[in-house]
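Trainee: I am new to this structure. Please show it, and I will ask how the terms are applied.

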Amino acid sequence: MDLQHLANIAIEAATSAGKVIQKYMNDNITVETKEGGSTYASQVVTKVDRECESIILSHLKPTCEAHDIGLLSEETTDDGSRLEKDFFWCVDPMDGTLAFINKHAGFSVSIALISRDGTPIIGVVFDPSTSTLYHAVKANGAYKNKKIWTIKNTNDYLTYITDKKLKDTPKSEEIKDILNNQLTNFGLKEIKEISGAGAVMCAILALENGPACFLKLPKKSNGGGSIWDYAATACIYQELGLPATSFNGEPLDLNNKGNTFMNESGVSYANFN
């Protein structure tokens, strides 16, 4: 397989979906609910999500047939092909639907190519709010707007990136302890918070506002995001030489056989370059 060719197709798919989102950004969109995790954010869906998925799949499905690639997409029932094929596309047509509904920046399009063992091979993220494209290809580096991306952290404080404000997050005291330890370890002055984005843009914001981190504690109830929330950004972090792991520092399981949820292992993205 020509990974660069496949990456270009994924980029075209993501930017095409991004244009759909931009068309609707200022509209009042009807909100529906679907079966999801334990949080409201995982249960909301709109016609925009579905329209984006349709456009993305029109780009990707020919590659599935040509290269025998599986497919996992948020708004389509998991057909199990991800467990049978050597590689599968992992698609979040619009991550951060709740942010989109609330007209709050932090929604994005996310497309990844993942190997059957869960290794991220291609990662593409498009931010419609700023028309910024992020992508990476395994062993070929990470890019921002198609230019090689080098992270430069200049802040003297730690930025905690979170979908939900820390004060509203379960086990917030445990998270505070983790953040305070990082303050000490890296000699930083204070903690600042950026909240309200979906998981994909939370990971990107940690790269744009370093030193920074984004994490989810392990929990028993379904949630904590799903494979499609982390697949693309895991590839981008991998190519930047930064950790995107489970909460305990193990490789992210991006092809969990049981279900798509990540709650049992949690996640940890860190940018302390």
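Trainee: Why is Lys144 called partly exposed?

Mentor: This is a predicted model, where local features need pLDDT of at least 70, side-chain atom pairs count only at pLDDT 80 or more, and totals for chains, interfaces and linings use all residues. Residues are numbered from 1 along each chain as its sequence is written, and side-chain values use heavy atoms, with hydrogens and water left out. Buried means under 20% relative accessible area, exposed over 50%, and partly exposed in between (1.4 Å probe, protein chains only). Lys144 has a relative accessible area of 27%, so the residue is partly exposed.

Trainee: What makes Lys144 and Glu208 a salt bridge?

Mentor: The term requires a side-chain nitrogen of Lys or Arg within 4 Å of a carboxyl oxygen of Asp or Glu. The closest N and O atoms of Lys144 and Glu208 are 2.9 Å apart, and the pair forms a salt bridge.

Trainee: Which parts does the pair tie together?

Mentor: Lys144 lies in strand β8 (residues 142-144) and Glu208 in helix α5, so parts 64 residues apart in sequence are tied together. Helices (H or I, at least four residues) and strands (E, at least two) are DSSP runs, numbered from the N terminus.

Trainee: How do you know that helix α5 is largely enclosed by the rest of the structure?

Mentor: Eight of the ten residues of α5 (residues 199-208) are buried, so the helix is largely enclosed. Among the buried residues are Val200, Cys202 and Leu207.

Trainee: Why is Lys167 called exposed?

Mentor: Lys167 has 66% relative accessibility, so the residue counts as exposed. Its salt-bridge partner Asp168, with the closest N and O atoms 3.5 Å apart, is partly exposed at 44%.
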